[in-house]
Amino acid sequence: MSEPSRSVALVTLGCTRNEVDSEELAGRLAAEGWQLVDDASQADVAVVNTCGFIEQAKKDSIDAVLEAGQLRETGRTQAVVAVGCLAERYGRELAEELPEADAVLGFDSYRDMSSHLRAVLDGHPPEAHVPGDRRTLLPLAPLQRADAAAAVALPGHGDDGISAAPGGDSAAVRDLPRARLDDRPWAPLKIASGCDRRCAYCAIPTFRGSFVSRRPTDVIAEGRWLAQQGVRELFLVSENSTSYGKDLGELDLMQALMPQLAQIEGVERVRVSYLQPAEIRPGLLEAMAATPGVMPWYDISFQHSSPTLLRRMRRFGSTQAFLELVEGIRERQPEAGIRSNVIVGFPGESEDDLAELERFLVAARLDVVGVFGYSDEDGTEGERLDGKIDPDVVAERVERVRTLVDELSAQRAEERIGQHVRVLVEQVEDEDGHLEVVGRAEHQGPDVDGETILLGEVEGLAVGDLVDAVVEGTEGIDLVARVRR
């Protein structure tokens, strides 16, 4: 007698990489007979895919678990299970401090998630895992990892569900362990996991592990599957996309991968996220600029520009080096979008360091900049550094730099007035007889890089359409553009 069908809702916090992991979990659970539902209050089990990146993300993840726990009293929910980065990073400690979660499961549990959830519902939850440094699970030398990686859980790689046939086609795309949890016309596509860098402020390598590239055949197979689901823009994600291929013995593998993805039937756009400035090679920039379908959008993790402070962060670069990189991009593609994140208040940051960062931001004219205040992260080198800055001073510096970049980003958007853009429609809503159509231009990344509001002949447009328009105005970093028919 088969087991009764159970329902599960996945609640995802954090980055697009986590979104891929949630969709892989959804695919695995659906294949095991679970019914996927959108509303956690209508599910037997709420699985909260947590984020463990920075302090605020941790708080948001804990709040999500607590909120799901309250559904036991008001909804159908019988159990709450925490997974994801926060669960992997803290394991048993999190379970002890968060009794609202019926189970706290790490990455090693993902392949058997169905049996774990059924055990939870049967009153026999598995023990919370004991966290460890996942960098120790694979060889130190990148070229030795490919064979060893098969024995290590790599969420979002889906390597046990894809069978690649000659010519790069997938012989078993239907078995891909991923189920879409939304109907957006774009989707993240994971090309690698982990990171080999040792930035002093970042704990991600300890719980995501060493850098491991997905094989191109697997990435392309998943890209084809996404296109079959109606995806028109593939958003390539990883912890460090500029390292792609190094563990496979081919540092230029990204240059070969991009055109193959762009040629997939139904795919109109390929967007590459998270470029590490110290690893960007001229050949990569040339390929991105020359490959039809690859968006003129550069997500570069500068973090700061003072060479003194960058060295304390265990990073490399300077204002001059970064400005030369930006100039090289704009020489090839004058209308390219460039986004980044910066950290202020890192231990030892002086007023001169902060002024140097401001000088870089003014000269670089980036399209979007996320500004984060430093806070200690467990187990990182930054936690042990001297020269800590008072939190109130850090907050003041965040506000100072954020005010500056808001002004600069708005100016950069205004410079685009008169430009021709091609917009991917993402939202069509009828508000009291007024049609509101919103999408993203080529230089705008998803979620955080602003949007393009379309005016004019918008009747008949649907989500997923690509439409030409001319920029007529701005609203902060958002563009207002008129459709050209």
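The legends below describe close-up views of a predicted model.

**View 1. Confidence along the predicted chain.** Averaged over the protein chain, the pLDDT is 92, and 95% of the residues score at least 70. Residues 161-174 are a stretch where pLDDT stays under 50, and for this stretch the model has 25 contacts beyond four places in sequence. Where pLDDT is low, the predicted coordinates should not be read in detail.

View 2. When residues up to four places away in sequence are not counted, Ser5 touches Gly33 and Gln35. The view can also include Pro177, which is 172 residues from Ser5 along the chain, with 19 Å separating the C-alpha atoms of Ser5 and Pro177.

**View 3. An open, parallel sheet of five strands.** The strands follow one another in the order E2-E1-E3-E4-E5, and their pairing is parallel. Strand E2 (35-36) and strand E5 (103-104) stand at the edges with a single partner strand each, so one side of E2 and one side of E5 are left without a neighbour in the sheet. Strand E4 (residues 79-83) is paired with E5 in the parallel sense over two bridges, and Val81 has Ala103 in E5 as its bridge partner. Helix H2 (residues 55-74) packs on this sheet, where H2 touches strand E3 (45-50) and E4, and the direction of H2 makes about 175° with that of E3. Helix H3 (residues 84-97) also packs on the sheet, touching E3, E4 and E5, with a direction that makes about 110° with that of E3.

**View 4. Helix H4 (residues 113-121), a mostly covered helix.** Of the nine residues of H4, seven are buried, namely Met113, Ser114, His116, Leu117, Arg118, Val120 and Leu121. The elements that cover these buried residues include helix H1 (16-31) together with the strands E1, E3, E4 and E5. An α-helix has 3.6 residues a turn, so residues three or four places apart point the same way. After H4 comes Gly123, which has a positive phi near 85°.

**View 5. The aromatic pair of Phe235 and Trp297, with two arginines over ring faces.** The count of aromatic pairs in the model comes to seven. One of them joins Phe235 and Trp297 in a tilted arrangement, with 5.7 Å from centre to centre and 55° between the planes. Phe235 belongs to strand E9 (residues 233-237) and Trp297 to strand E11 (residues 297-299), so this pair ties together parts that are 62 residues apart in sequence. Phe235 and Trp297 are both buried. Ring pairs also bring in Trp186, which is linked with Phe235 and Trp297 into a cluster. Arg184 lies over the face of Trp186, at 4.0 Å from the ring centre, while Arg271 lies over the face of Trp297, at 5.3 Å from the ring centre.

**View 6. The aromatic pair of Phe302 and Phe360, an edge-to-face arrangement.** The ring centres of Phe302 and Phe360 are 5.1 Å apart, and the angle between the planes is 70°. Phe302 lies in the loop between E11 and helix H10 (307-312), whereas Phe360 lies in helix H12 (residues 351-364), so the pair ties together parts that are 58 residues apart in sequence. Phe302 has a relative accessible area of 0% and is buried, and Phe360, with a relative accessible area of 1%, is buried as well.

**View 7. Antiparallel pairing of strands E14, E17 and E18.** Strand E14 (residues 420-431) is paired in the antiparallel sense with strand E17 (residues 466-475) over five bridges, and within this pairing Val421 stands opposite Ala469 in E17. E17 also pairs in the antiparallel sense with strand E18 (residues 478-483), here over six bridges, and Val471 has Ala481 in E18 as its bridge partner. E17 and E18 form a hairpin with two residues between the strands, and in this hairpin Gly476 takes a positive phi near 70°.

Terms used. Residues are numbered from 1 along each chain as its sequence is written. This is a predicted model: local features need pLDDT of at least 70, side-chain atom pairs count only at pLDDT 80 or more; totals for chains, interfaces and linings use all residues. Side-chain values use heavy atoms; hydrogens and water are left out. Contact means heavy atoms within 4.5 Å. Rings of Phe, Tyr and Trp (its six-membered ring) pair if their centres lie within 6.5 Å; planes under 30 degrees apart count as stacked, over 60 as edge-to-face and the rest as tilted. Helices (H or I, at least four residues) and strands (E, at least two) are DSSP runs, numbered from the N terminus. Buried means under 20% relative accessible area, exposed over 50%, partly exposed in between (1.4 Å probe, protein chains only). A charge sits over a ring if NZ of Lys or CZ of Arg is within 6 Å of the ring centre and within 35 degrees of the ring normal. Two strands pair if DSSP finds at least two bridges between them. Axes are lines fitted to C-alpha atoms, for helices over the stretch in contact, and angles run from 0 to 180 degrees between N-to-C directions. pLDDT is the predictor's confidence in each residue, from 0 to 100.
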